[in-house]
Every structure is written in C-alpha cells, then in structure tokens.
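Please keep the structure open while reading.

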Amino acid sequence: RSSDLDMRAEVGDLTRNILIQGEMETSCYGDNQCQFFNFDTFGGHIKILRNFTSVHLSNVELKNMGQQKIGQYPVHFHLCGDVDEKGGYSAKTYVKGLAIHHSFSRCLTVHTTNGLLIQDTIGYDTLGHCFFFEDGIEQRNTLLHNLGLVTKPGTILPTDRNSTMCMAMRRSEE
C-alpha cells in the first residue's frame, strides 16, 4: 500500500538576506589543483582566532568560499580554546542558521576550539568534508539540526580525496 510508504525528504533553504561570497574567475588558474578542477577554487574565507570578544554568526549565506589549501575554509574557528563559560564568555559562541554552499573547502571547521554551538546550518555542494573537527581533541561542541549534502572529492587531506586524485597525487610526488 502506498499509504504506508514514508516519502519525506530533507529540504534546506540556501538563501539568506545577507550574502558573503568569494569573487570568482571564469576558470581554474595558478597552483589551485587545476589538474582536478576546471573551475576557480580560490574563494573567500572567515577565520576566527583566539581572544575575540564575541562571535555570533547567524542567518548568513556564504557562497564560493574556501580554498583548496589547508586552513582556508569558509568558516574556520582556529585555535580558539574554550569559547563558552569555561573560557570566560558570558554568552555562548555560536553559528546558527548559516547556508554555506558551492564551497571549495569544507563548510565549517572547528580546530582546537571547545564549547561552540553549531545549529540549523546547511552545507551544500562542497569539496571535502562538510562539518570538520580538525584535530579530534575538540570538546563540548554541539552540532544541532544541521544538514550537509553533496560533498565532493577535494585534495587537502587523503580522506577528502577519491582514488583517482590519490593515484594522480602519488604519481606527481615520484
């Protein structure tokens, strides 16, 4: 019986009133892994560093962000330490309601940062992992009601790559 079949799908709105986007060239250029990509992979990035007063990103659209280089991600909490009450912040640090799409390196990266809230964020059409904890030692971070779709092979880490990229990169190193 068709009435017993649940056919719901995840749906996410990628548009927001505030848009931050990288300025793109018409094709790949320079040392941007052009042997793997026929499009520009050098987008913008937002890097949050230790000792900030407060960070509350909400309801922002990020398009054409990130680069196929280590550390150049659309949103990157980099070595921030404790960003909640344990770190002396009265208001919890958060990212809420972001739409990160057509990204050239992940969606959101948490690197040695603890106590961050990532909520209601959509990542779509990205190269490499979408939501990424860089070292694996990060603690007390909460991911709540997020959605990541259409991740494609990237070149930064072996876990981002497909077998074709791995073999080509290995041959180029010999």
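A disulfide is a pair of cysteine sulfur atoms within 2.5 Å. A search of the whole structure finds 2 of them. This is a predicted model: local features need pLDDT of at least 70, side-chain atom pairs count only at pLDDT 80 or more, and totals for chains, interfaces and linings use all residues. Residues are numbered from 1 along each chain as its sequence is written, and side-chain values use heavy atoms, with hydrogens and water left out.

**Disulfides**
- Cys-28 is joined to Cys-34, with an S to S distance of 2.1 Å.
- The S-S torsion of Cys-28 and Cys-34 is about -90°, so this disulfide is left-handed.
- Cys-107 and Cys-130 form a disulfide with sulfur atoms 2.2 Å apart.
- Cys-107 is buried at 1% relative accessible area (buried means under 20%, exposed over 50%, partly exposed in between; 1.4 Å probe, protein chains only).
- Cys-130 is also buried, at 7%.

- Cys-80 is in no disulfide; the nearest cysteine sulfur, that of Cys-107, is 18 Å away.
- Cys-80 counts as buried, at 4% relative accessibility.
- Cys-166 is in no disulfide either; the nearest cysteine sulfur belongs to Cys-28, 18 Å away.
- Cys-166 is partly exposed, at 29%.

**Core**
- The largest nonpolar core has 20 residues (a set of buried Ala, Val, Leu, Ile, Met, Phe, Trp, Tyr and Cys residues joined through side-chain atoms within 4.5 Å).
- Ile-48, Phe-52, Leu-62, Val-75 and Phe-77 touch the most other members.
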